[in-house]
Protein chains: 2
Amino acid sequence: MDVSARRPDKVQVGELAGSLGFLLRLAQLHAFEDFFSDHGPRGLKPGEFSVLWVIACNPGIRQSALGQRLMIKRAHMTKLVRALEDANLVSREIPDADRRAVELTLTPNGRQAVDKASDAFFGYEETTGAPLSLKERAQLIALLQKYVGLAEETGR
Amino acid sequence: MDVSARRPDKVQVGELAGSLGFLLRLAQLHAFEDFFSDHGPRGLKPGEFSVLWVIACNPGIRQSALGQRLMIKRAHMTKLVRALEDANLVSREIPDADRRAVELTLTPNGRQAVDKASDAFFGYEETTGAPLSLKERAQLIALLQKYVGLAEETGR
DNA sequence: GGATTTTTGTTTACAAGGAAACAATCTCTC
DNA sequence: GAGAGATTGTTTCCTTGTAAACAAAAATCC
């Protein structure tokens, strides 16, 4: 039997190497690994941070809108928000205009947490993408933005 | 309160739109959504297919090597392989040379399953990446390959 | 204006995946 | 060749996320 199969760096993946879905999964795991390695989590996980960040950008946003933009399912969003509320980071308010909905706002405490974490998050971001040049990294980001339909959001 | 926060397409994500980790997560979910929408799963989930495919490419590969290349943790790999074995798709053999290890091979049944599924998988792949041109898609794939360290594997 | 349908969030039950502790085997050093 | 340490896979427990059924409140349709 071929010895190469026992050496991880020699494993053949064939056509799979050209599969977008496969590459995206690998890339995401890669990014997460980066993330959890160099800076020890300062208490705020990536998912939590992104939720808080988007609430900060859109005060009073509804759970459904938040979930759609972040691709978080409603069932999961309920748990996430409840945890953030328990941690006194967000407050939920039911608007009179639509008593089914929940509007989310950061508590002062939450605003403080985002402020503190955002430097670490975005600062770290710039140092990610190890094997890529800065130009390639920018290109990759632009392509991903287009792919996920987030292209023109930045400049708005 | 600003009404825009209630319209999902108007949600602001600010600097998050430039975060590689965030974009990769979104992109992967996007790809998965595509995948499960247009062709109903023909019994083989993406994860299962990739495992079978790589075993097909590397007969006798060890669980550890497979896991490293596919970024699947050992604990999870054990469960995955057991399920595939129960489904009579792969066979496990403990080599005399190293009795800790497990060498994986496809059963005839497994080889058949891969053959049948691979057309669907790779055929589907080419139609993915909706908002991207073919050139952009190729560029994205090349960048991802470099990012995850799979750049020169293809041609080897 | 009352019945039907949709939207929004919650609950419950489950699947996917990871961390840590463990057991077995191999390797390395003396 | 007898221990010390590393590797490989498994088990158990836990976290993260999903699917489906549900309840309450709009919106829609005669």
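## Reading DNA strand D

In this predicted model, a polar side-chain atom of B:Arg74 sits 3.0 Å from a base nitrogen of DNA strand D.

In total, 20 residues surround DNA strand D, counting a residue as near if one of its heavy atoms lies within 4 Å of the strand. The closest are A:Lys45, A:His76, B:Arg74, B:Arg82 and B:Arg92.

## Where the chains meet

Now to the protein partners: 68 residues of chain B are in contact (heavy atoms within 4.5 Å) with 68 residues of chain A. Two salt bridges are counted between the chains, a salt bridge being a side-chain nitrogen of Lys or Arg within 4 Å of a carboxyl oxygen of Asp or Glu. A:Lys146 forms one with B:Glu136, their closest N and O atoms being 2.9 Å apart. On the side of chain B that touches chain A, α1(B) supplies the largest share, 13 residues.

## How to read the numbers

Residues are numbered from 1 along each chain as its sequence is written, and chains are lettered from A in the order in which they are written. Local features need pLDDT of at least 70, side-chain atom pairs count only at pLDDT 80 or more, and totals for chains, interfaces and linings use all residues, while side-chain values use heavy atoms, leaving out hydrogens and water.

Terms used
Helices (H or I, at least four residues) and strands (E, at least two) are DSSP runs, numbered from the N terminus. A polar contact is a pair of N or O atoms within 3.5 Å; within protein, one must be able to donate a hydrogen and the other to accept it, and residues adjacent in sequence count only if both atoms are side-chain atoms.
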